[in-house]
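Subject: Structure handover

Hello,

I am passing the structure on to you. My notes on it follow below.

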Amino acid sequence: MYAIEYREELHSTNALAKEHLENLPHLQVISADIQTKGHGQFERTWYSSNKNGGNCYISIILKPKNTDNIDKITRYTSLKVAQTLEKYGLKPTFKYPNDVLVNGKKIAGILAESVMIGQILKGIVVGVGVNLNLEAEEVLNIDQEATSIFIETSKNVSKKEFIENFMELFEQDLCNLDKYEGEILCYQNK
């Protein structure tokens with residue numbers, strides 16, 4: 001069962017999760033209202049805003065017993081973000097390997113990072129950033145075309161509700177990552 005720890009401001013939820021991984025349980029979620037040094041793949045800066053109810057910035061600690069399919073965790077997470085977005089009336093697609101788009105614009109990004117000690121995998125930190133309540137002028141701060149649930153629907157989204165909806169979907173079949181390969185391909189081809 002997941003547990004969520006909420007913080008007002010952090011440098012990066014992934015950095016904190018990696019730093020304290022050994023002392024945190026499997027499925028611990030760290031959420032921040034603001035990330036001052038949040039980043040995505042290739043250290044690209046992730047724009048952070050808490051205006052208008054905020055956005056979703058979380059990191060999930062995974063300590064899998066079986067790591068056979070762990071290479072699929074980014075795509076699985078993208079699928080669960082997409083399924084959560086559908087609950088808000090959106091039609092998401094994927095941009096391989098770690099972006100979720102709506103109407104061709106980025107709405108979410110995933111960053112999975114392994115934590116190794118020597119050759120031993122101690123855990124995986126899965127960072128998820130979702131633009132919930134960004135307004136049109138704020139997306140201009142992002143280095144690519146972007147959108148938010150608010151821009152697409154004109155409705156504010158509860159961050160707490162979104163995270164809980166996402167985590168319920170995420171936790172359901174985490175032990176069976178192979179099960180979703182066909183469904184993931186459908187999102188890539190929409």
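Helices (H or I, at least four residues) and strands (E, at least two) are taken here as DSSP runs, numbered from the N terminus. On that basis the protein chain has five helices and seven strands, and their order from the N terminus is β-α-β-β-α-β-β-β-β-α-α-α.

This is a predicted model, in which local features need pLDDT of at least 70 and side-chain atom pairs count only at pLDDT 80 or more, while totals for chains, interfaces and linings use all residues. Residues are numbered from 1 along each chain as its sequence is written, and side-chain values use heavy atoms, with hydrogens and water left out.

Confidence

The predictor's confidence in each residue is given as pLDDT, from 0 to 100. The protein chain averages 87, and 85% of the residues score at least 70. Confidence is highest in helix 3 (residues 149–153), at a mean of 97, and lowest in helix 5 (residues 181–188), at 62. Where pLDDT is low, the predicted coordinates should not be read in detail.

Strands

Two strands are called paired if DSSP finds at least two bridges between them. Strand 3 (residues 56–62) has two partners to describe. Strand 2 (residues 28–35) runs antiparallel to strand 3 and is joined to it by three bridges; serine 31 has isoleucine 58 of strand 3 as its bridge partner. Strand 3 also pairs with strand 7 (residues 120–130), again in the antiparallel sense, over seven bridges.

Strand 7 in turn pairs with strand 6, antiparallel and over ten bridges, with serine 114 bridged to isoleucine 124 in strand 7. The hairpin of strand 6 and strand 7 has two residues between the strands, and glycine 118 takes a positive phi near 65°. Strand 6 (residues 105–117) is also paired with strand 5 (residues 99–102), antiparallel, over four bridges; leucine 101 has lysine 106 of strand 6 as its partner. Strand 5 and strand 6 likewise form a hairpin with two residues between them, and asparagine 103 in its turn has a positive phi of about 55°.

Burial and contacts

A residue is buried under 20% relative accessible area, exposed over 50% and partly exposed in between (1.4 Å probe, protein chains only). Of the 190 residues in the protein chain, 50% are buried. In a regular strand the side chains alternate between the two faces of the sheet. For strand 3, both faces are covered: Cys56, Ile58, Ile60 and Leu62 are buried on one side, and Tyr57, Ser59 and Ile61 on the other.

Contact means heavy atoms within 4.5 Å. Among contacts between residues at least 6 apart in sequence, 67% join residues at least 24 apart. Asparagine 165 lies in helix 4 (residues 159–172) and counts as buried because its relative accessibility is 18%. Neighbours within four places in sequence aside, asparagine 165 is in contact with Thr84, Lys87 and Tyr88.

Second largest pocket

A pocket is an open set of points on a 1 Å grid over the protein atoms alone, where a 1.4 Å probe fits, with protein on both sides within 12 Å along at least five of seven lines; lining residues have an atom within 4 Å of a point. The second largest pocket has a volume of about 410 Å³, volume being the space filled by probe spheres set on the points, which are joined across faces, edges and corners. It is lined by 17 residues, of which Pro64, Lys65, Asn66, Leu174 and Cys175 are the closest to its centre.

Regards
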